[in-house]
Amino acid sequence: ELIAEFENTACAIIKHANPCGVAYGVTIADAYKKALACDTESAFGGIVALNKPLDEETAELIANLFAEVIIAPEIGGEALEILSQKDNLRVLTTGGMPDPKTKTMTVRSLSGGYLVQSRDNRVLKEMKVVTKRQPTKQEIVDMKFAFTVSKHVKSNAIVYARNGATVGIGAGQMSRVNSSRIAAWKASNAAKVAGEEGSWAVGSVVASDAFFPFADGLLAAAEAGATAVIQPGGSM
């Protein structure tokens, strides 16, 4: 569902129902490498989802990682041959991508029955700037990307992104500020793993899946080096 949100060539690596890295790329291999760089540690044993056909180059890259599942619209014969040599790897082809705007229902089981509700099929179109400084064009592109990713991150969700790739994701925490701190820590660690100084959060944008109830989560993002924030609103 996450990877179907994007028209651009993209890759998402999922772990325990949360993305640990999502990115656009010029090629599917490029998108995979950027998605993996966000959190190489958490990607171990994850699900690699692609919105374009899987080619031989990308298959060789994924084969270097212990992945549980690969999902793609199509998989080339050479790529399938490479992946068939891996043990305990499940390879799924979808034949196409679902339309994220389709109206459907979601069902959750609970004690004594089920919860049925309409699926979140809305796509971000309009944004209102509520600060004195206007965001740059690149910040707007990255904010839309990060906000789309946050839609598929368990709340409380915070997503740091830069240049069409996530650099830090904080998911499922009991307080939003901790999600913000964890995402900032992951961005710092990602830079360290890549052999770079500082943090990839510097110059990034931040998306939150709900309003900031207090300033602490926003301040944590600013202190990490983020320059712009997108959130649904609802807080002064």
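The model is predicted: local features need pLDDT of at least 70, side-chain atom pairs count only at pLDDT 80 or more, and totals for chains, interfaces and linings use all residues. Residues are numbered from 1 along each chain as its sequence is written, and side-chain values use heavy atoms, with hydrogens and water left out.

**Exercise 1. Describe the largest pocket by its volume, its lining and the classes of its lining residues.**

Step 1. On a 1 Å grid over the protein atoms alone, a pocket is an open set of points with protein on both sides within 12 Å along at least five of seven lines, whereas a cavity is a set of points where a 1.4 Å probe fits but cannot get out; lining residues have an atom within 4 Å of a point. Grid points are joined across faces, edges and corners, and a volume is the space filled by probe spheres set on the points.

Step 2. State the volume, which is about 1,600 Å³ for the largest pocket.

Step 3. Turn to the lining. The largest pocket has 50 lining residues, and those nearest its centre are Leu-124, Met-127, Phe-147, Ile-230 and Gln-231. Two or more lining residues come from each of helix H4 (137–150), helix H6 (215–224) and strand S11 (228–230). Helices (H or I, at least four residues) and strands (E, at least two) are DSSP runs, numbered from the N terminus. H4 gives the largest share, 8 residues.

Step 4. Sort by class. Ala, Val, Leu, Ile, Met, Phe, Trp, Tyr, Cys and Pro count as nonpolar, Asp, Glu, Lys and Arg as charged, and the others, Gly among them, as polar. The lining of the largest pocket then has 28 nonpolar, 10 polar and 12 charged residues.

**Exercise 2. Describe the second largest pocket in the order volume, lining, classes.**

Step 1. The second largest pocket holds about 820 Å³ of space.

Step 2. Its lining has 29 residues, with Glu-1, Arg-108, Lys-151, His-152 and Lys-154 nearest the centre. Strands S1 (10–15), S3 (47–50), S6 (105–110) and S7 (113–118) give two or more residues each to the lining of the second largest pocket.

Step 3. By class, this lining divides into 15 nonpolar, 7 polar and 7 charged residues.

**Exercise 3. How many cavities of 30 Å³ or more are counted, and which residues line the largest cavity?**

Step 1. The count is 2 cavities of 30 Å³ or more.

Step 2. The largest cavity has about 80 Å³ of space. Its lining is made up of Ala-37, Cys-38, Asp-39, Thr-40, Glu-41, Trp-185, Lys-186, Asn-189, Ala-190 and Val-193.

Step 3. The residues around the second largest cavity are Ile-62, Ala-63, Leu-65, Phe-66, Ala-67, Lys-86, Asp-87 and Leu-89, of which 6 are nonpolar, none polar and 2 charged.

**Exercise 4. Which strands pair with S10, and in which sense?**

Step 1. Two strands pair if DSSP finds at least two bridges between them.

Step 2. Strand S8 (residues 158–161) pairs with S10 in the antiparallel sense over 4 bridges, and Ile-158 stands opposite Ser-208 in S10.

Step 3. S11 pairs with S10 in the parallel sense over 3 bridges; here Ala-207 stands opposite Ile-230 in S11.

**Exercise 5. Is Ser-180 buried or exposed, and which residues does Ser-180 contact?**

Step 1. Buried means under 20% relative accessible area, exposed over 50%, and partly exposed in between (1.4 Å probe, protein chains only). Ser-180 has a relative accessible area of 1%, so this residue is buried. Ser-180 belongs to helix H5.

Step 2. Contact means heavy atoms within 4.5 Å. Beyond its neighbours within four places in sequence, Ser-180 contacts Ile-158, Tyr-160, Gly-217, Ala-220 and Ala-221.

Step 3. A polar atom of the Ser-180 side chain lies 3.0 Å from the backbone oxygen of Gly-217.

Terms used: A polar contact is a pair of N or O atoms within 3.5 Å; within protein, one must be able to donate a hydrogen and the other to accept it, and residues adjacent in sequence count only if both atoms are side-chain atoms.
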